[in-house]
Amino acid sequence: MQILFDRIRKDGIVKSGNVLKVDRFLNHQMDIELFREIGKEFKRRFSDVEINKILTIEASGIGIACVTAEFFHVPVVFAKKTKTKNIAGEVYTTKVESFTHGTVYDIIVSKEFLGKGDKVLVIDDFLANGKALDGLTTLIRDSGAELVGAGIVIEKGFQEGGRRIREKGIRLESLAIVDSMDEKTGEITFKNE
Ligand code: 5GP
């Protein structure tokens, strides 16, 4: 997706610790015109499969998932991050290690909104070590729903998540796969450009 590569180069900021800041168009301020192109591209890539639900994780996945859902005509469910202990049996829950914060948190989805018969597309903004995706995959498995695939806007190809997820046999479509990024020069290269 050339407009995405161009935009990441123009507005992305390479930070220390392998963090790419894209607050100007994806994670804080959101460019909805770009989101529409992203949603359209996810629809094109997953047009051969049946999907009846999109699952994402709060907060930054929600905007992309919602715009994408307009092309699939399906509802969006987002996993909530919570610190609440001893949650009653009304939810599926698992732990996720945060790449950006280095902490562990719980994510939950109500049993009302995910279950047997659901064919789920996971959408998220970033794939780094794959912990967020692992967590969502666990919730889907526990609910008896089917994971059809995962659509990621930016995969950092030099981190282990993508390889691990693909090795599990999960269909993973990443729109921009960063091959390298240089904190000093700001240069970013992509695997799939
Ligand atoms: P993972 O669980 O794959 O290690 O990390 C995925 C999550 O961490 C994403 O949902 C995203 O919010 C955050 N994340 C990981 N790497 C980056 C990054 O380079 N930049 C930003 N802005 N968020 C990231």
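How far does a polar side-chain atom of Asp 125 lie from an oxygen atom of the ligand? The distance is 3.3 Å. Keep in mind as you read that this is a predicted model.

## Around the ligand

The side chain of Asp 124 brings an N or O atom to 3.1 Å from an oxygen atom of the ligand. Asn 129 takes part through its backbone instead, with an N or O atom 2.8 Å from a ligand oxygen. The protein covers 90% of the 510 Å² of accessible area that the ligand has on its own.

| Residue | Part of the residue | Distance to an oxygen atom of the ligand |
|---|---|---|
| Asp 124 | side-chain N or O atom | 3.1 Å |
| Asp 125 | polar side-chain atom | 3.3 Å |
| Asn 129 | backbone N or O atom | 2.8 Å |

Where does the ligand sit? The space it takes is the largest pocket. There are 17 residues around the ligand, and those that come nearest are Leu 20, Asn 129, Gly 130, Ala 132 and Lys 156.

Which elements build this shell? Strand 2 (19-21), strand 7 (119-127) and helix 4 (131-143) each supply at least two of its residues. Strand 7 gives the largest share, with 4 residues.

Next comes strand 6, which spans residues 104-110. Why can it be called largely enclosed by the rest of the structure? Because 5 of its 7 residues are buried.

Strand 6 has partners in strand 4 and strand 5. Strand 4 (residues 76-82) runs antiparallel to strand 6 and is joined to it by 3 bridges. If you look along this pairing, you will find Lys 80 opposite Ile 108 of strand 6. Strand 5 (residues 91-97) is also antiparallel to strand 6, and here 7 bridges join the two. Val 91 has Ser 110 of strand 6 as its bridge partner.

Strands 5 and 6 form a hairpin as well, with 6 residues between them. In its turn, Gly 102 has a positive phi of about 70 degrees.

Is Asp 106 buried or exposed? Its relative accessibility is 10%, and buried means under 20%, so Asp 106 counts as buried. Its side chain makes a polar contact of 2.8 Å with the side chain of Lys 95.

With strand 8 (residues 146-156), strand 9 pairs in the parallel sense over 6 bridges. Gly 151 is partnered there by Glu 173 of strand 9. With strand 10 (residues 188-190), strand 9 pairs in the antiparallel sense over 3 bridges. Here Val 178 has Phe 190 of strand 10 as its bridge partner.

Strands 9 and 10 make a hairpin, and 6 residues lie between them. Gly 186, in the turn, has a positive phi of about 80 degrees.

## Backbone details in the loops

Several loops are worth a stop too. A cis peptide bond, with omega about 0 degrees, joins Glu 58 to Ala 59. Ala 59 belongs to the loop between strand 3 (53-57) and helix 3 (60-72).

Asn 18 is not a glycine, yet its phi is positive, near 60 degrees. You can find Asn 18 in the loop between strand 1 (13-15) and strand 2. With a relative accessible area of 37%, Asn 18 is partly exposed.

His 73 has a positive phi of about 60 degrees and is not a glycine either. Its place is the loop between helix 3 and strand 4. How open is His 73? Its relative accessible area is 71%; the threshold for exposed is over 50%, so His 73 is exposed.

## A last stop in helix 2

Our tour ends at Leu 34 in helix 2 (residues 32-45). Leu 34 is buried, with a relative accessible area of 6%. Leu 4 is 30 residues away from Leu 34 along the chain, and their C-alpha atoms are separated by 7.8 Å.

Key
Residues numbered from 1 in each chain as written. Heavy atoms only, no water. Buried < 20%, exposed > 50% of the residue type's maximum accessible area, 1.4 Å probe, protein only. Pairing = 2+ DSSP bridges. Near = heavy atom within 4 Å. Polar contact = N/O pair within 3.5 Å; in protein donor to acceptor, adjacent residues only side chain to side chain. Areas by Shrake-Rupley, 256 points an atom, 1.4 Å probe, with all protein chains shown as cover. 1 Å grid on protein atoms, 1.4 Å probe; cavity = no way out; pocket = protein on both sides within 12 Å on 5 of 7 lines; lining within 4 Å. Sits in = over half its atoms within 2 Å of the grid points.
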